[in-house]
Amino acid sequence: MNSSAPRSWRPARRSSTWRAGRHRPGRGWPRCAAISRATATCTPPFAPPFLVDGKVVVAQTSAILHYLGPRLKLVAAAEDARLWTLQIQLTIADMVAEVHDTHHPVGAGLYYEDQKAEARRRAGEFCGARLPKFARWFERILERNPAGPKHLVGARLSYADLSLFQLVEGLRYAFPKAAGRVLAKTPRVLALHDRVATLPKVAAYLASERRIAFNEDGIFRRYPELDAR
């Protein structure tokens, strides 16, 4: 669950993410950079992730999902339902940005070690106020869904359900104590997460090598001192 622009450009000091072996020629960041800088691209993306589908270039996670949703049958056909799904996705993106800012509250170009005091203050506010507020909103959506509490929108799986699953996964990794307390009070959110995890294709992906483990180079980072008790 990454935001479109990598908010923290500098990895942790002991990071292995940027080793040469992780970026082979023609793939990964070199390929993304080439597409972004191509003079023939009239709509250059600001940063990854972005999707190239023929002549269509779509950046920003929420916009990518809005584009792919109808094609993958992961959003309802009705316009009002599609807009509601997008609204939920944009709110998830807002929460992801706030997660990032718990460990980089001063500047994305600084190391975490350069802003520890500020990070602890920001993380305390996030764990104590913002995390519960977001979670309660998702819980209300599930509770009020006319089609039942199994999905965020309608009676079928949508990309918003998949995103909320990944959000919960990330929160459990980064803030196991705070997330555990909040999820105990939002049982519908937790139940949705557990249902998505058992979907055959999702389960197969989670068990495969394609699933990148959470680490201290991404948006969700586990720093025990930031996980408010």
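Residues are termed buried here when their relative accessible area is under 20%. By this criterion, helix 5 of the predicted model is mostly covered, with 13 of its 16 residues buried. The helix comprises residues 159-174, and its end C-alpha atoms lie 23 Å apart; this agrees with the 22 Å that its 16 residues should span at 1.5 Å a residue.

The largest nonpolar core contains 40 residues, of which I88, F138, L152, L167, L171 and F175 touch the most other members. Two or more residues are given to this core by each of helix 3 (79-103), helix 4 (116-144), helix 5, helix 6 (176-184) and helix 7 (187-198). Helix 4 provides the largest share, with 11 residues. Beyond its neighbours within four places in sequence, L171 is in contact with M95, V99, F126, L131, P176, A179 and F220.

Helix 5 also packs against helix 7, at an angle of about 105 degrees and with the two axes 9 Å apart. Because angles of 65 to 115 degrees count as roughly perpendicular, helix 5 is assigned a roughly perpendicular orientation to helix 7. On the side of helix 5, the contact is made by D161, L162, L164, F165, V168, E169 and R172. The residues contributed by helix 7 are V189, L190, L192, H193, V196 and A197. In composition, the contact of helix 5 with helix 7 divides into 9 nonpolar, 1 polar and 3 charged residues.

Notes:
Residues are numbered from 1 along each chain as its sequence is written. This is a predicted model: local features need pLDDT of at least 70, side-chain atom pairs count only at pLDDT 80 or more; totals for chains, interfaces and linings use all residues. Side-chain values use heavy atoms; hydrogens and water are left out. Helices (H or I, at least four residues) and strands (E, at least two) are DSSP runs, numbered from the N terminus. The expected span of a helix is 1.5 Å times one less than its number of residues. Buried means under 20% relative accessible area, exposed over 50%, partly exposed in between (1.4 Å probe, protein chains only). A nonpolar core is a set of buried Ala, Val, Leu, Ile, Met, Phe, Trp, Tyr and Cys residues joined through side-chain atoms within 4.5 Å. Contact means heavy atoms within 4.5 Å. Axes are lines fitted to C-alpha atoms, for helices over the stretch in contact, and angles run from 0 to 180 degrees between N-to-C directions. Angles under 35 degrees count as roughly parallel, over 145 as roughly antiparallel, 65 to 115 as roughly perpendicular and the rest as oblique. Ala, Val, Leu, Ile, Met, Phe, Trp, Tyr, Cys and Pro count as nonpolar, Asp, Glu, Lys and Arg as charged, and the others, Gly among them, as polar.
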